[in-house]
Amino acid sequence: MTSLATLLHRGLTEGHDTILIAADGAAVTRTEFRAMVAAARRALWSYGDPRGRRIALHGAVTPPLLAFLIAGLIDGAVVVPLDAELPALRKVQMIELAQASLVVDFEGDGSLAPRAPGASAPGAT
């Protein structure tokens with residue numbers, strides 16, 4: 001049986017270098033996205049072994065957020081996406097219920113206020 005991590009890895013490495021993601025006027029090729037996922041994996045590992053960790057990703061769906069999502073899934077993390085449009089209190093509740101040990105905030109606009117324990121900018125705890 002093929003694992004999800006294997007399927008995601010194949011999707012990043014096999015095929016033509018065509019546009020993989022097109023969103024909000026930005027286009028990202030397979031090669032560019034593969035580099036983004038590699039950087040996200042390094043960032044996640046810089047906080048320790050991500051396998052089995054609960055990681056919350058806060059923000060609108062953008063290529064950098066998707067790269068962290070894919071990186072977390074490849075490395076065996078439990079990823080909890082938090083929509084930027086949710087009320088702040090609901091986001092905090094979701095982080096607490098998920099018992100996220102790392103929160104990556106792609107918005108950086110204070111919309112997680114009141115700040116959840118561990119809320120951070122991309123690449124920080």
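Reply: Helix axes are lines fitted to C-alpha atoms over the stretch in contact, and the angle between them runs from 0 to 180 degrees between N-to-C directions. Keep in mind that this is a predicted model.

Me: At what angle do the axes of helix α1 and α3 cross?

Reply: The axes of α1 (residues 4–13) and α3 cross at roughly 135° and come within 8 Å. Angles over 145 degrees would count as roughly antiparallel, and 65 to 115 as roughly perpendicular. The helices α1 and α3 are therefore oblique to each other. Their crossing is left-handed.

Me: How do I read the side chains of a strand?

Reply: In a regular strand, side chains alternate between the two faces of the sheet. Take strand β5, residues 102–105: L102 and V104 point one way, V103 and D105 point the other way, and all are buried.

Me: Which strand pairs with β5, and in which sense?

Reply: Strand β3 (residues 54–58) pairs with β5 in the parallel sense, over 4 bridges. Within this pairing, H58 stands opposite D105 of β5.

Me: Now the salt bridges. How many does a search of the whole structure find?

Reply: The search finds 2. A salt bridge needs a side-chain nitrogen of Lys or Arg within 4 Å of a carboxyl oxygen of Asp or Glu. In one of them, the side chains of D75 and R41 meet at 2.6 Å, N to O. D75 lies in the loop between α3 (63–74) and β4 (78–82) and R41 in helix α2 (residues 30–45), so this pair ties together parts that are 34 residues apart in sequence.

Me: Is D75 buried or exposed?

Reply: D75 is buried, at a relative accessible area of 7%.

Me: What about the salt bridge between D49 and R51?

Reply: The side chains of D49 and R51 meet at 2.6 Å, N to O. D49 is partly exposed, with a relative accessible area of 33%, while R51, at 58%, counts as exposed.

Me: How many aromatic pairs does a search of the whole structure find?

Reply: The search finds 1. F68 and F106 form this pair, with 5.3 Å from centre to centre and 75° between the planes, and the geometry is edge-to-face. F68 lies in helix α3 and F106 in the loop between β5 and β6 (119–120), so the pair ties together parts that are 38 residues apart in sequence. Both F68 and F106 are buried.

Conventions. Residues numbered from 1 in each chain as written. Predicted model: local features only at pLDDT ≥ 70, side-chain atom pairs only at ≥ 80, totals over all residues. Heavy atoms only, no water. Buried < 20%, exposed > 50% of the residue type's maximum accessible area, 1.4 Å probe, protein only. Helix = DSSP H or I, 4+ residues; strand = E, 2+ residues; numbered from the N terminus. Pairing = 2+ DSSP bridges. Phe/Tyr/Trp six-rings, centres within 6.5 Å; stacked < 30°, edge-to-face > 60°. Parallel < 35°, antiparallel > 145°, perpendicular 65-115°, else oblique. Left-handed = near helix turned anticlockwise from the far one by under 90°.
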